[in-house]
Amino acid sequence: MKVLILGGDGYLGWPTAMYFSARGHQVTVVDNYLRRNACTELDTGMLYPVPTLPRRAAIWEARTGHKIDVIIGDLCEPEFMRSLFEQPPEVVIHYAEQPSAPYSLMDYRHADQTITNNLRVTNNLMWAVRDLAPQTHIIKLGTMGEYGTPNIDIEEGWLDIEHKGRKDRFLFPRQAGSIYHTSKIMDTDLLWFGVRTWNLRVTDLMQGPVYGIETEESRLDERLRTLFNYDEIFGTILNRFIVQAVVGYPLTVYGKGGQTRGYLNIRDTLQCVYHSAMKPARPGELRIFNQVMETFSVNELAELTQSVGRELGYEVVIQPIDNPRKEAEEHYYNPQYQGLLDMGVKPHYLTPEVMREMFSVVESCRDNIREDVIFRGIRW
Ligand SMILES: NC(=O)c1ccc[n+]([C@@H]2O[C@H](COP(=O)([O-])OP(=O)(O)OC[C@H]3O[C@@H](n4cnc5c(N)ncnc54)[C@H](O)[C@@H]3O)[C@@H](O)[C@H]2O)c1
């Protein structure tokens with residue numbers, strides 16, 4: 001298959017590129033280094049240095065003989081986006097967004113950048129596919145954060161409603177907790193319009209927070225590891241907790257710690273996207289899956305980090321702090337997530353073994369960890 005990956009330099013984009021490439025697909029990655037530049041601008045630090053995208057593709061080719069094509073450019077430019085569809089791919093995987101909730105709430109400028117960037121990329125993609133490649137299957141990353149924490153079970157994308165004796169099916173109600181998550185809701189709405197109006201074929205993967213570092217492919221060469229942030233802005237929770245545990249920084253549990261979400265290992269992101277690509281949505285179908293493998297509260301993740309950390313000899317302290325976010329700290333949470341399992345995804349659950357492996361990579365980079373960037377308290 002010809003596979004186009006938008007945001008191919010990112011935490012998920014680069015491992016996805018290697019995963020498809022290793023399985024014999026023809027992969028092109030596109031990125032403008034928005035994420036890396038934001039990390040430099042905000043001085044967030046990274047666990048280890050990551051070679052540029054062309055350099056990583058060259059290392060990958062030298063190690064495996066598989067070529068990954070690299071194109072650097074800003075997908076907010078419509079003509080640049082359209083140029084990617086002159087020879088249409090079978091599938092385009094859309095990761096190219098500003099993905100951080102705290103970033104989107106730092107101030108007006110960062111909120112505006114988030115909305116402008118994310119919606120422009122999605123709109124440009126939708127129109128390029130509509131005009132030049134209507135058969136191309138769009139796989140877009142949504143987020144479980146679009147649903148918020150409703151007091152009812154979260155269905156996979158859709159909800160059947162009976163109202164005054166009549167029935168209809170709607171997108172599951174969404175109520176995001178940040179400007180970033182709101183931009184993801186707007187993305188979904190845009191593509192739902194494109195599906196209804198022009199018969200586009202779209203898979204929307206409502207993903208929970210991802211954790212992990214290594215994938216099967218990155219084990220070939222350390223320089224192929226994906227970028228890893230451990231700061232409050234770009235680090236996801238479990239990745240942050242493990243770094244905090246290794247340097248003896250008290251685990252930053254926000255408020256009561258009852259906030260519950262669905263999580264998945266980075267290896268399962270790759271599987272989910274791959275299975276979705278192999279079995280595409282039909283023309284005129286917006287297919288939605290909830291992309292999580294298990295749920296945990298913040299307290300459960302902190303306790304797990306503490307118990308594995310202590311077993312490895314770290315002094316791990318859990319220290320709840322004033323919650324900088326506006327969110328429910330205790331709530332009902334029951335998402336459904338059967339669709340991807342039915343497609344054949346085999347979950348990697350969060351076991352002590354998986355945690356130990358993450359501890360060991362973080363430990364090997366301990367000298368690079370800067371405690372001053374771990375927490376800065378961006379408030380909602
Ligand atoms: N990582 C998670 O835990 C998680 C959870 C749920 C959803 N998601 C979604 O998955 C996707 C990927 O997330 P990630 O963690 O890999 O983020 P990331 O920031 O590491 O990757 C996104 C990549 O897209 C690039 N990009 C952004 N705007 C661009 C533009 N205008 N032109 C070209 N490139 C651009 C960035 O430079 C970056 O390399 C995002 O859409 C995010 O909303 C991620």
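This is a predicted model: local features need pLDDT of at least 70, side-chain atom pairs count only at pLDDT 80 or more; totals for chains, interfaces and linings use all residues.
Residues are numbered from 1 along each chain as its sequence is written, and side-chain values use heavy atoms, with hydrogens and water left out.

Now for the whole chain. There are 12 helices and 12 strands in it; these are DSSP runs numbered from the N terminus, with helices being H or I over at least four residues and strands being E over at least two. Along the principal axes, the C-alpha atoms fill a box of roughly 60 × 55 × 40 Å. A compact globule of 380 residues would have a radius of gyration near 21 Å, and the chain's 20 Å agrees with that. (The radius is taken over C-alpha atoms, and the globule rule is 2.2 Å times the number of residues to the power 0.38.) Of the 380 residues, 57% are buried. Here buried means under 20% relative accessible area, exposed means over 50%, and partly exposed is what lies in between, using a 1.4 Å probe and protein chains only.

Arg 201 is another story: 36 residues away along the chain, its C-alpha atom is separated from that of Ile 237 by 33 Å.

Two packed helices are described by the angle between their axes and the distance between the axes. For α10 (residues 298-311) and α12 (residues 352-364), the angle is about 65 degrees and the axes are 10 Å apart. Those axes are lines fitted to C-alpha atoms, for helices over the stretch in contact, with angles running from 0 to 180 degrees between N-to-C directions. The pair is therefore roughly perpendicular, on a scale where under 35 degrees is roughly parallel, over 145 roughly antiparallel, 65 to 115 roughly perpendicular and the rest oblique. From α10, Leu 304, Thr 305, Val 308, Gly 309 and Glu 311 meet Pro 352, Met 355, Arg 356 and Phe 359 of α12. Those residues divide into 5 nonpolar, 2 polar and 2 charged, where Ala, Val, Leu, Ile, Met, Phe, Trp, Tyr, Cys and Pro count as nonpolar, Asp, Glu, Lys and Arg as charged, and the others, Gly among them, as polar.

Next, look at α6 (residues 108-132) and α7 (residues 179-198), which pack at about 15 degrees with their axes 9 Å apart. That makes α6 roughly parallel to α7. Among the residues making the contact are Leu 119, Met 126 and Trp 127 of α6, and Met 186, Leu 190 and Gly 194 of α7. In total, the contact residues divide into 11 nonpolar, 6 polar and 2 charged. Gly 194 is buried, with a relative accessible area of 0%. Beyond neighbours within four places in sequence, Gly 194 is in contact with Met 126, Asn 199 and Leu 200.

Finally, visit two loops. Asp 43 has a positive phi of about 50 degrees although it is not a glycine, and it sits between α2 (34-42) and α3 (53-64). At 41% relative accessibility, Asp 43 counts as partly exposed. Lys 164, in the loop between β6 (158-163) and β7 (166-171), has a positive phi near 50 degrees. With 76% relative accessibility, Lys 164 counts as exposed.

Key:
Contact means heavy atoms within 4.5 Å.
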